[in-house]
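Dear colleague,

Please find below the structure that I am handing over to you, with its sequence. My findings follow directly after it.

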Amino acid sequence: MKTRGLNWQIWAGFLLSLTVLFSYPLLFVDWPITRDFPWANLLLFAIAVVLLFIGVRRGFAPDCRLISKIVSSVLAALSVSVFGMFIFVAFVASRWLPASTGAPQVGQKAPDFTLVDTNDKPVSLSELLSSPITSEPPASAGGPRAPRGVLLIFYRGYW
């Protein structure tokens, strides 16, 4: 009887699916391009599915033992459940988060606040809206004019 080697495809697919599950919160959530839509994780899951498919076919070859069929079936089922859990958390459970009712909406006037600039000088929003802009050339009606609005950029960093 011919002995076959280790079915590495099924093990690689299983380990890749576990790695992909944990890579999203530990690695891919840091960048907006992979945080907003988990395309990198879905691509890696697709590679894991190909490996699992090859491993299951190899595990169910006619000359394989019963243990090979059982192990490949169990690992494939666990990998599919890992993929299902990822899809559920990323696309269904994330929609269950409560809405931020206190956050300003688009077009709504921001509440007044004071922050420190790069020179450690406090600057308030009302001061920015009322003080004239001196870097522009004077307006035709005689002198610098007050700005009509202020662009606020919020950085989601690690502070």
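The largest pocket of this predicted model holds about 460 Å³ of space. Its lining comprises 16 residues, and those closest to the centre of the pocket are Tyr 24, Arg 35, Val 89, Ala 90 and Ser 94. Two elements, α1 (8-26) and α4 (66-92), each give two or more residues to this lining. The largest share, five residues, is supplied by α4. By residue class, the lining of the largest pocket consists of 11 nonpolar residues, four charged residues and one polar residue.

Helix α4 is made up of 27 residues. From its first C-alpha to its last, α4 spans 38 Å, close to the 39 Å expected at 1.5 Å a residue. Its buried residues include Ser 72, Leu 75 and Ala 76, together with Ser 79, Val 82 and Phe 86. Among the elements that cover the buried residues of α4 are α1 and α3 (39-59). Ser 68 also belongs to α4. Is Ser 68 buried or partly exposed? Its relative accessibility is 22%, so Ser 68 counts as partly exposed, given that buried means under 20%. Between the C-alpha atoms of Ser 68 and Gly 55 the distance in space is 9.9 Å, while 13 residues separate the pair in sequence.

Helix α1 contains 19 residues, and the distance from its first C-alpha to its last is 26 Å, close to the expected 27 Å at 1.5 Å a residue. The buried residues of α1 are Gln 9, Ile 10, Gly 13, Phe 14, Leu 16, Ser 17, Val 20, Leu 21, Ser 23 and Tyr 24. Which helices do the buried residues of α1 pack against? They pack against α2, α3 and α4.

Thr 34 counts as buried because its relative accessibility is 5%, where the cut-off for buried is under 20%. The side chain of Thr 34 reaches the backbone oxygen of Phe 28 at 2.6 Å. Leaving aside residues up to four places away in sequence, Thr 34 touches Tyr 24, Phe 28, Trp 39 and Ala 40.

With kind regards

Definitions and conventions. Residues are numbered from 1 along each chain as its sequence is written. This is a predicted model: local features need pLDDT of at least 70, side-chain atom pairs count only at pLDDT 80 or more; totals for chains, interfaces and linings use all residues. Side-chain values use heavy atoms; hydrogens and water are left out. On a 1 Å grid over the protein atoms alone, a cavity is a set of points where a 1.4 Å probe fits but cannot get out, and a pocket is an open set with protein on both sides within 12 Å along at least five of seven lines; lining residues have an atom within 4 Å of a point. Grid points are joined across faces, edges and corners, and a volume is the space filled by probe spheres set on the points. Helices (H or I, at least four residues) and strands (E, at least two) are DSSP runs, numbered from the N terminus. Ala, Val, Leu, Ile, Met, Phe, Trp, Tyr, Cys and Pro count as nonpolar, Asp, Glu, Lys and Arg as charged, and the others, Gly among them, as polar. The expected span of a helix is 1.5 Å times one less than its number of residues. Buried means under 20% relative accessible area, exposed over 50%, partly exposed in between (1.4 Å probe, protein chains only). Contact means heavy atoms within 4.5 Å. A polar contact is a pair of N or O atoms within 3.5 Å; within protein, one must be able to donate a hydrogen and the other to accept it, and residues adjacent in sequence count only if both atoms are side-chain atoms.
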